[in-house]
Amino acid sequence: MSVESCREKIVNGALQMFLAEGIKNVTMDRIAASLSVSKRTIYEHFSGKEELVEDCLALFKRQYEEMTNKLKEESENSFVFLLSMIQRTIMLVRKINRNFFSDMETIFAKQQEQAKMDKVAMQKEFSDLLLQSQNDAFIQKDLSPEILSMMYYGMLTSLRDKSSYDFNKFSFPDVLQVFVLTFFRGVATEKGLKLIEKYDIKQ
C-alpha cells in the first residue's frame, strides 16, 4: 500500500469512528485496531491525534461541500436548494454522535476559529439564497434577508446550549427539525408553504 493510500485509509477510518462515537471517546489504539494497522504506522503519518483530527475534519468539510454543490446543480431554484439542504443535513445529523460537535468546541480551538470565519461566509450565502427565494415569491417580500440570516444562525447557535433544551428527552436532530420547519414556515409565502409540504422535511 502506498504512503498516500495508507494515509487516506487512516483518515477515512478515523473519521467514521469520530462521527459515530465522538472525538474524545476514540483513542489512537482503537483506531489502529479497527483498521488492522499498528499504532506505529499511524504515527508515521500523523504527529498525534490533533493532526489526525484536523485531517478528518478537512475531509468531512470537503464531503459536505461536494454534497452541497451536487444539490445546487440538481435544484431548480434557490428555495428548492435550501429545502434539499435542510432535509439532507437532518438525515446526516441523525447519523452523527452529538459528542462529535461538542468535542470539537472544547478540544480544538484552532478549528473553532476557522468555524467562526466559515459561519460569516455561510451567513452571507444564506442571505443571498433567501433574497433569490424572495424574488421567486417563495419567501415574504417584507422580510430582510440579512436579518433573517442573522436570526437563523443565532438560533442554530442557541441549540448548543444544553441548559435550554432537554436532549435526554428529545434528540438533537428532532429539535433541529422542529426549528427549521418553524423558521421556514414562518417566513414562507403560500407558494413557499406548498413547496415545504411537498418536501416533507421529517427525515
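Modeller: Residues are numbered from 1 along each chain as its sequence is written, and side-chain values use heavy atoms, with hydrogens and water left out.

Biologist: Where is confidence lowest and where is it highest in the chain?

Modeller: Confidence is expressed as pLDDT, the predictor's score for each residue from 0 to 100; where it is low, the predicted coordinates should not be read in detail. The chain averages 88, with the lowest mean, 78, in helix H6 (residues 99-107) and the highest, 95, in helix H2 (residues 28-35). Helices are DSSP runs of H or I, at least four residues, numbered from the N terminus.

Biologist: Does Ser149 count as buried or exposed?

Modeller: Buried means under 20% relative accessible area, exposed over 50%, and partly exposed in between (1.4 Å probe, protein chains only). Ser149 counts as buried because its relative accessibility is 1%. Contact means heavy atoms within 4.5 Å, and, leaving aside neighbours within four places in sequence, Ser149 is in contact with Gln123, Phe126, Ser127 and Leu130.

Biologist: Which residues have the most contacts inside the largest nonpolar core?

Modeller: A nonpolar core is a set of buried Ala, Val, Leu, Ile, Met, Phe, Trp, Tyr and Cys residues joined through side-chain atoms within 4.5 Å. In the largest, of 33 residues, they are Phe79, Phe126, Tyr152 and Phe184.

Definitions and conventions: Predicted model: local features only at pLDDT ≥ 70, side-chain atom pairs only at ≥ 80, totals over all residues. Helix = DSSP H or I, 4+ residues; strand = E, 2+ residues; numbered from the N terminus.
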